[in-house]
Amino acid sequence: KEIFEQPRTVGDTIKGYVSRDYLLPFNLRDFRRILILACGTSYHAGLVGSYWMNKYLQTPVEVMYASEFRYADVPVGERDLVIAISQSGETADTRYSALSAKEKGATVLSLVNVMGSALDRESDYTLYTHAGPEIGVAATKTFTSQLAVLYSLAVSHLPDRDRFMEKLSSVPHMMEEVLGEAEQIKKVALKYANRKNMLYLGRYLSYPVALEGALKLKEISYIHAEGYPAGEMKHGPIALIDENMPVLVVVPRDRVYEKVLSNIEEVLTRRGSVISVGFRDDETLTKVSKDLIGVPEVDEDLTPFLTVIPLQLFAYYIADHLGLDVDQPRNLAKTVTV
Ligand code: F1P
């Protein structure tokens, strides 16, 4: 249900940012550095956000797992902006990382879904995702709403910002189109329901999407899945590939498209089978993939909004087929407060 709500929740989130209801009293470019801290799915959203910010802000942006930041002696100071991302606003690692950065003089801007949550109260500034309550333990709809806010932030200072926001406003409609393909995605997913391992690959903006897809499969289907930057494959994971290793590749036609095609060739040479998530009607992909899940063609910046949906559904349909509780997966808590 939450996966299917995304066109509305992303639309609700975008509205306030398009109309400039949520204005920050500072410019992101005034900071020496931006440090994004988060856990789990929120971390993956932060990673996508960092690519957008690097592209449009020209301010150094780093992303770290909050659980690592807490113990890593990262120097932080007054000219740093910490963006702490958390659906619940209660995740202990994210909260305590933000608090320690604040004590050292950094400005803390939190991005939360739950108004009045601890992180909301403890931060200097808060921006909200308007995704509504998320009951499923595995985060889905908050991921795409977090993306919407991060994109809005990355382009907020641009003279032609309105043009970028207009493009963002077209996303919910395109998400509907992807969800309209749910039955086809289900058919593909069920072919892989009995697998024990999967590899998810992507480059550039599709790399965090691959990480997120693999996390969803682990969380709700209990299938071992590894997300990896496609270009790093030859530095190790390529050894895993044989006819028993399905490789899901996130490959929209973007600046790294040709590169990823050559990564797909590397997989095929080793008899791996490729499931690709790319633009529909991509004839080259049809030829090299065992299965192609197509999404509408979109500006490369916005591809993560669309390509993540088939990955969420892929994990969901497999988990459901295996008779697993998709909302309450074993061993997981919605909010990790210790
Ligand atoms: C972070 C998170 C979720 C994950 C699970 C455990 O939560 O890792 O992404 O799906 O629910 O916690 P949050 O800080 O975004 O609330």
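1. Strand β6 (residues 197–202) and β7 are paired in the parallel sense, over 6 bridges. Two strands count as paired if DSSP finds at least two bridges between them. Helices (H or I, at least four residues) and strands (E, at least two) are DSSP runs, numbered from the N terminus.

2. Before going on, please note that this is a predicted model: local features need pLDDT of at least 70, side-chain atom pairs count only at pLDDT 80 or more, and totals for chains, interfaces and linings use all residues. Residue numbers run from 1 along each chain as its sequence is written.

3. Now step back to the sheet that holds this pair. Its 5 strands form an open sheet in the order β7-β6-β8-β9-β10, with parallel pairing. At the edges stand β7 (224–229) and β10 (291–295), each with a single partner strand, so one side of each is left without a neighbour in the sheet. From one strand to the next, the twist averages 20 degrees. Angles run from 0 to 180 degrees between N-to-C directions, and axes are lines fitted to C-alpha atoms, for helices over the stretch in contact.

4. Another open sheet has 5 strands in the order β2-β1-β3-β4-β5, again with parallel pairing. Its edge strands, β2 (61–65) and β5 (125–128), each pair on one side only. Neighbouring strands here are turned by 20 degrees against each other on average, direction ignored. Within the sheet, β3 (residues 80–86) and β4 (residues 107–112) pair in the parallel sense over 6 bridges, and V82 has V108 in β4 as its bridge partner. Helix α4 (residues 92–103) packs on this sheet, touching β1 (33–38), β3 and β4, and its direction makes about 165 degrees with that of β3. Residues are in contact if their C-beta atoms, placed from the backbone, lie within 7 Å.

5. What surrounds the ligand? The shell has 16 residues, and the closest are G40, T41, S86, S88 and T91. A residue is near the molecule if its C-beta atom, placed from the backbone, lies within 6 Å of it. Helix α2 (residues 40–57) gives the most to this shell, with 3 residues. By class, the shell has 6 nonpolar, 9 polar and 1 charged residues. Ala, Val, Leu, Ile, Met, Phe, Trp, Tyr, Cys and Pro count as nonpolar, Asp, Glu, Lys and Arg as charged, and the others, Gly among them, as polar.

6. Helix α2 also meets α6: their axes come within 9 Å and cross at roughly 20 degrees. That makes α2 roughly parallel to α6; angles under 35 degrees count as roughly parallel, over 145 as roughly antiparallel, 65 to 115 as roughly perpendicular and the rest as oblique. The contact of α2 with α6 has 12 nonpolar, 5 polar and no charged residues.

7. How do the axes of α6 (residues 141–155) and α7 (residues 161–169) cross? They come within 9 Å and cross at roughly 165 degrees, and α6 and α7 are therefore roughly antiparallel to each other. On the α6 side, A148, Y151, S152 and V155 meet R161, F164, M165 and L168 in α7. This contact of α6 with α7 has 6 nonpolar, 1 polar and 1 charged residues.

8. Finally, the axes of α6 and α13 (residues 303–321) come within 10 Å and cross at roughly 175 degrees. That makes α6 roughly antiparallel to α13. F143, T144 and L147 of α6 make the contact with P304, F305 and V308 of α13.

Note on methods:
Contact = placed C-beta atoms within 7 Å.
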